[in-house]
Amino acid sequence: NRLKLSFLERLNFAKNPVTRRLLQVMCDKKTTLCVAADVTSTTDLLNLAEQTGPHICLFKTHIDIVEDFHPNFLKHLKEIAERHNFIIFEDRKFADIGNTVQLQYSKSMYQISSWANLVTAHSVMGKGILEGIQQSEGLKDRGVFLLAEASCAGSLTDQSYVDATLKLAKQYPDLITGIVCQNPLLLEEPGVIQLTPGVHLESVGDRLAQQYNSPETVVLEKGADVAVVGRAITKSADPAAEAVKYKEVLWAAYEKRIAS
Ligand code: 5IU
């Protein structure tokens, strides 16, 4: 069962190249922290990447909330990612037919496929989305996190949706990096990563239905491999110090999990 294996042991099971790179980064930097960079200016994005970079494995963007986007900005982000050894992850949540997703992924001013090694996709539309991503132009090494469950209250996903999502993921082992979910589910494949958002040390939620668990809870009870932390870090007075705090609590919980 994946929950008892070390990330290094799991590396050999991973079929997707970005998953292998991610597991290697996690081991090398001793971090399972993904920062959710929900900020709206390129300056704030680059500052956050610079400050949290040494402590994260994934830098998760929502490029369509950036108000002053310019393609030149991506050069800077990629340079920071290389220097601090983290992976850029655009949380695009693709949810259209394959042909449209292909255009959204590789065209527009964002050209996501040219700079983000990882993206998210909804499973609701079936295999077309995954085929569309797989067959697009762009970076050779690419991976998809498929959404099975959400952290927010009132989400419409039920057990049959979750089961169907896992079944779909299993059909694309070369493309799927992981599943976004809130429970250990039936996800037993050691080569697939569980990504879990909704993590905060101090708060239990926000005013728009977001729900939080502690880092220990998501790793030890909910099965998270990588934890997504947004405002707990981005809104803090010292994002770097806060990232260190989350990294350490998360890593200690992971070590406890594989030792127990
Ligand atoms: N996110 C969630 N919950 C989900 C999914 C994605 O919070 O179920 I799927 C995203 C949204 C945001 C980040 O970019 O993760 C969490 O940010 P906060 O830690 O600030 O709530």
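Student: What joins strand β1 to β8?
Tutor: Three bridges join strand β1 (residues 33-37) to β8, and the two run parallel. Two strands pair if DSSP finds at least two bridges between them, so three bridges make β1 and β8 a pair. The model is a predicted one, in which local features need pLDDT of at least 70 and side-chain atom pairs count only at pLDDT 80 or more, while totals for chains, interfaces and linings use all residues. Residue numbers start from 1 along each chain as its sequence is written.

Student: What makes a stretch a strand or a helix here?
Tutor: Both are DSSP runs numbered from the N terminus: helices are H or I runs of at least four residues, and strands are E runs of at least two.

Student: Which strands form the closed barrel, and in what order?
Tutor: The closed barrel has eight strands and runs β1-β2-β3-β4-β5-β6-β7-β8, with parallel pairing. From one strand to the next, the twist averages 30°. Helix α10 (residues 239-259) packs on the sheet, where it touches β1 and β8. The direction of α10 makes about 145° with that of β1. Such axes are lines fitted to C-alpha atoms, for helices over the stretch in contact, and angles run from 0 to 180 degrees between N-to-C directions.

Student: Why is strand β6 called largely enclosed?
Tutor: Five of the five residues of β6 (residues 176-180) are buried, so the rest of the structure largely encloses this strand. A residue is buried if 20 or more other C-beta atoms, placed from the backbone, lie within 10 Å of its own; with 12 or fewer it is exposed, and in between it is partly exposed. Four bridges join β6 to strand β5 (residues 143-147), and these two run parallel. In that pairing, Leu147 stands opposite Val180.

Student: What is Leu45 in contact with, beyond its neighbours within four places in sequence?
Tutor: Leu45 is in contact with Ala37, Val39, Val66 and Leu77. Contact means that the C-beta atoms of two residues, placed from the backbone, lie within 7 Å. The C-alpha atoms of Leu45 and Thr234 are separated by 9.8 Å, although these residues are 189 residues apart along the chain.

Student: Which residues does the UniProt annotation "active site" cover?
Tutor: In the unreviewed UniProt entry, that annotation covers Asp91, Lys93 and Asp96. UniProt positions follow the numbering used here, feature names are shortened, and annotations may be inferred rather than shown by experiment.

Student: Which positions does UniProt list for "binding site"?
Tutor: The unreviewed entry lists Asp38, Lys60, Ser151, Gln210, Gly230 and Arg231. Ser151 is in the loop between β5 and α7 (159-170). Ser151 has 20 C-beta neighbours inside 10 Å, so it counts as buried. Arg231 lies in helix α9 and has 14 such atoms, so Arg231 is partly exposed.

Student: Which residues come nearest to the ligand?
Tutor: Of the 16 residues around the ligand, Ala36, Ala150, Pro197, Gly230 and Arg231 come nearest. A residue is near a molecule if its C-beta atom, placed from the backbone, lies within 6 Å of it. The elements that give two or more residues to this shell are β8 (226-229) and α9 (231-234).

Student: How do the residues of that shell divide by type?
Tutor: Nine are nonpolar, four polar and three charged. Ala, Val, Leu, Ile, Met, Phe, Trp, Tyr, Cys and Pro count as nonpolar, Asp, Glu, Lys and Arg as charged, and the others, Gly among them, as polar.
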